Amino acid sequence: MAALLAALAFMAPAALRADAIDDNNFCYAQFATGNNEAAIGYCTKAIDSGELSEPDLISALINRGVAYKNVGNLEAAIADYTAALRIAPRDALVYRNRANALREMGDYDAATADIEQSISLDPQSAAAWYVRGAIMEAREDKVSARKFYMTALGLEPDNEAYKDKILGLDAE
């Protein structure tokens, strides 16, 4: 009987962690299908469990940040991205996501600092150059915006969104 209890006690943390991983996976699946409120709930459950490894915790914070951004809670998104950066201070994706949320909030200086950090960490990220263009466009510097959008398009020549953005600027 004691051996059974010991085995159950040993297995419990793994089961909890599996539940946290499942919640993290459900979070991603929910926001990927547009159900951001459910995503926030699953990610919060996974994060609050305390059972995620660092890579899984970063993933959960990013996923919840994206879901928060999608529902317009930019402050919460930025808080999650900031928490992820405390764990992974050299993660270009997190800097890019936070830059985009800061841009949407109108904090162009902070957004610029973050996107420059993202680009310095991953200069081949077309998405980062696109966000850099969006920041410049928000600042009403269309010449610089076009240059950054062109850099993004050069890295991903088949990306229709980048082409459309450039065509839109050229039409103005």
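The model is predicted.

The chain contains 9 helices and 0 strands. Read from one end of the sequence to the other, its pattern is α-α-α-α-α-α-α-α-α. Of the 172 residues in the chain, 40% are buried. The accessible surface amounts to about 9100 Å², and carbon and sulfur atoms account for 55% of this area. When contacts between residues at least 6 apart in sequence are considered, 46% of them link residues at least 24 apart.

Within helix α1, which spans residues 2–32, lies Asp23. The relative accessibility of Asp23 is 8%, and this residue therefore counts as buried, the cut-off being under 20%. Leaving aside residues up to four places away in sequence, Asp23 touches Tyr42, Cys43, Lys45 and Ala46.

Helix α4 covers residues 74–87 and helix α5 covers residues 92–105; their axes lie 9 Å apart and form an angle of about 155°. The two helices are therefore roughly antiparallel to each other, since an angle over 145 degrees falls in that class. Their crossing is left-handed. On the α4 side, the contact is formed by Leu74, Glu75, Ile78, Tyr81, Thr82, Ala84 and Leu85. Helix α5 contributes Val94, Tyr95, Asn97, Arg98, Ala101, Leu102, Glu104 and Met105. By class, the residues of this contact comprise 10 nonpolar, 2 polar and 3 charged.

Helix α6 runs through residues 108–121 and helix α7 through residues 126–138; their axes come within 10 Å and cross at roughly 160°. Because of this angle, α6 is roughly antiparallel to α7. The crossing of α6 and α7 is left-handed, as is that of α4 and α5. From α6, the residues in contact are Tyr108, Ala111, Thr112, Ile115, Glu116, Ser118 and Ile119. Their counterparts on α7 are Ala128, Trp129, Val131, Arg132, Ile135 and Ala138. The contact of α6 with α7 consists of 9 nonpolar, 2 polar and 2 charged residues.

Key
Residues numbered from 1 in each chain as written. Predicted model: local features only at pLDDT ≥ 70, side-chain atom pairs only at ≥ 80, totals over all residues. Heavy atoms only, no water. Axes fitted to C-alpha atoms, helices over the stretch in contact; angles between N-to-C directions. Helix = DSSP H or I, 4+ residues; strand = E, 2+ residues; numbered from the N terminus. Parallel < 35°, antiparallel > 145°, perpendicular 65-115°, else oblique. Left-handed = near helix turned anticlockwise from the far one by under 90°. Contact = heavy atoms within 4.5 Å. Nonpolar A, V, L, I, M, F, W, Y, C, P; charged D, E, K, R; others polar. Buried < 20%, exposed > 50% of the residue type's maximum accessible area, 1.4 Å probe, protein only. Areas by Shrake-Rupley, 256 points an atom, 1.4 Å probe, with all protein chains shown as cover.
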